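Student: Please take a close look at one part of this model for me, starting with a single pairing. Then connect it to the contacts and backbone details elsewhere.

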Amino acid sequence: MEKKIYYNNGQAVILLSLFFLFISGAIVSGMIFSAISRTRIAREFPRSKQSYFLGEAGAEDVAYRIMRGKNYDATEVLQLNGSSATIATTENLATGATEISAEADVGSNIRLAEIHLIPGTNALFSYGVQVGNGGLEMEQTSTVSGNVYANGTIVGANNNAINGDAVSAEATGLIDNVNIAGDAYAHTLIKSDIDEKAYYQSIDGATKVGGAACPNPNCFPGSPDQPNEPFPISDAKLDEWEQLAATTVISSPCPYKITSAQSIGPAKITCDVEIKGNFTVTLTGALWITGNLTTKNNPIIRIDPSFGKKSLAIIVHDPANELTSSKVDFQNSLVFEDSGTPGSYIFVASRNRSSEAGGAEVAIMVGQSASGALLVYAPHGEIALHQSTALKEVTGYKIHLRNSTTVTYESGLASMLFDFDPSGSYEIQRWWEDE
């Protein structure tokens, strides 16, 4: 018999063996690739962490410099152990916000960190007029468009108007002969017209609340007296600002007379200062004047446009004489201009203490007409505003408004940003890592 030979016997076994070898190779390759990948990741992970922390350190360093008023460049480079982080800073002059972006590279491991800073609250001016224990006195047609908070009394002469709420604090609180468009808070109310609600311990029959004598639904007798309100800027803060302004010291000629257009600041001027003439003085930094400040003959004082939304301070303070010196006298017409960006102001502070000490010296006198982006501040002295003065905010131990003086509060004063603030001019709105 013939035997038939099949030459394809065993092919299935061979194919199965090859398939098994392929699968095994794939599994082994996968395991080897995974092991290599994990080894690479394990090797690169510390470098990636180093890159992350290097970027964070760079961004944090620049943020610290900005918040503490220290110098920094638009682009900074931080180097550590042969690696580097590049930190770019971008400022929005219109809003005062600052973006800090840091890119770090350690062994080709790139990590990105960003910090977003927004202007913080350097000074919280919540009222159109804020007064200490010396009280507020209003005469002629003087008005306040905004709220008034007084630790002392509020006394009018001709039913002067407060177009907002009015508070006279503590048991000595008194509102007398004033028209109030909002609510009134005082221990005693006399001869006043209050459009909204009245909160008091004592009221006379001549006072009208909501158009009628009390009692009526808008009258709240037996209401607790309001507490004294602290001023928005402390003496310690003013001390710090003085020292920061003193980067340049001007000691001659004395008195220091400005008689033509010029730029000035930051500077400490160690004597009386007089600005006289119809020209423009541009502030390029804060000023500390250790004498008196007088202006005459219609000058313009403005903030340099580079400051954007930031405000600048002029502090008038002679530490050796706070009773008869450290005074401000604005004569004739005077205009204060912002940087060209709404929200920037010129802040003029006198640290004269005569009024608080029982004396008759006036810390800040604004005669005839003064207008523009001006805030005046005398925490221990008297502020006297006469003629057709128009200001944004007034804070003083004692305040006297006469003639057609108007104070018109602006909402932006609730969060002012000054050129420098040792305790931090910014808040961190966001801090994150980019992909």
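Tutor: Start with glutamate 76: its bridge partner in strand 2 is isoleucine 87. The model is predicted, so a local feature needs pLDDT of at least 70 and a side-chain atom pair counts only at pLDDT 80 or more, while totals for chains, interfaces and linings use all residues. Residues are numbered from 1 along each chain as its sequence is written, and side-chain values use heavy atoms, with hydrogens and water left out.

Strand 1 (residues 75-80) and strand 2 (residues 83-91) run antiparallel, joined by six bridges. Strands here are DSSP runs of E with at least two residues, helices are runs of H or I with at least four, and both are numbered from the N terminus. Two strands pair if DSSP finds at least two bridges between them. Two residues sit between the strands of this hairpin, and asparagine 81 takes a positive phi near 50° there.

Other residues also have positive phi. Asparagine 297, not a glycine, has a phi of about 65°. This asparagine is found in the loop between strand 26 (293-296) and strand 27. Asparagine 297 is partly exposed, at 36% relative accessible area (buried is under 20%, exposed over 50%, partly exposed in between, with a 1.4 Å probe and protein chains only). Serine 326 also has a positive phi of about 65° and is not a glycine. Serine 326 lies in the loop between strand 28 and strand 29 and is buried, at 0%.

Lysine 327 and glutamate 361 meet through their side chains at 2.8 Å, N to O (a salt bridge is a side-chain nitrogen of Lys or Arg within 4 Å of a carboxyl oxygen of Asp or Glu). This pair links distant parts of the chain, 34 residues apart: lysine 327 is in the loop between strand 28 (312-316) and strand 29 (328-330), glutamate 361 in the loop between strand 31 and strand 32. Glutamate 361 is partly exposed, at 28%.

The structure holds nine salt bridges. One of them joins aspartate 235 to arginine 351, with the closest N and O atoms 3.7 Å apart. Aspartate 235 is in helix 2 (residues 235-245) and arginine 351 in the loop between strand 31 (346-350) and strand 32 (364-366), so the pair ties together parts 116 residues apart in sequence. Arginine 351 is buried, at 5%, whereas aspartate 235 is partly exposed, at 25%. Arginine 351 also forms a salt bridge with aspartate 239, at 2.8 Å between the closest N and O atoms. Here the partners are 112 residues apart, with aspartate 239 in helix 2. Aspartate 239 is partly exposed, at 35%.

Five strands form an open sheet in the order 21-24-27-30-33. Strand 21 (262-264) and strand 33 (369-372) are the edges; each has a single partner strand, so one side of each is left without a neighbour in the sheet. Within this sheet, strand 27 (residues 300-303) and strand 30 (residues 333-337) pair over three bridges, in the parallel sense. Isoleucine 301 has phenylalanine 336 of strand 30 as its bridge partner.

Finally, two cis peptide bonds. Serine 252 to proline 253 is cis, with omega near -5°. Glycine 265 to proline 266 is cis as well, with omega near -10°. Proline 266 is in the loop between strand 21 and strand 22 (267-269).
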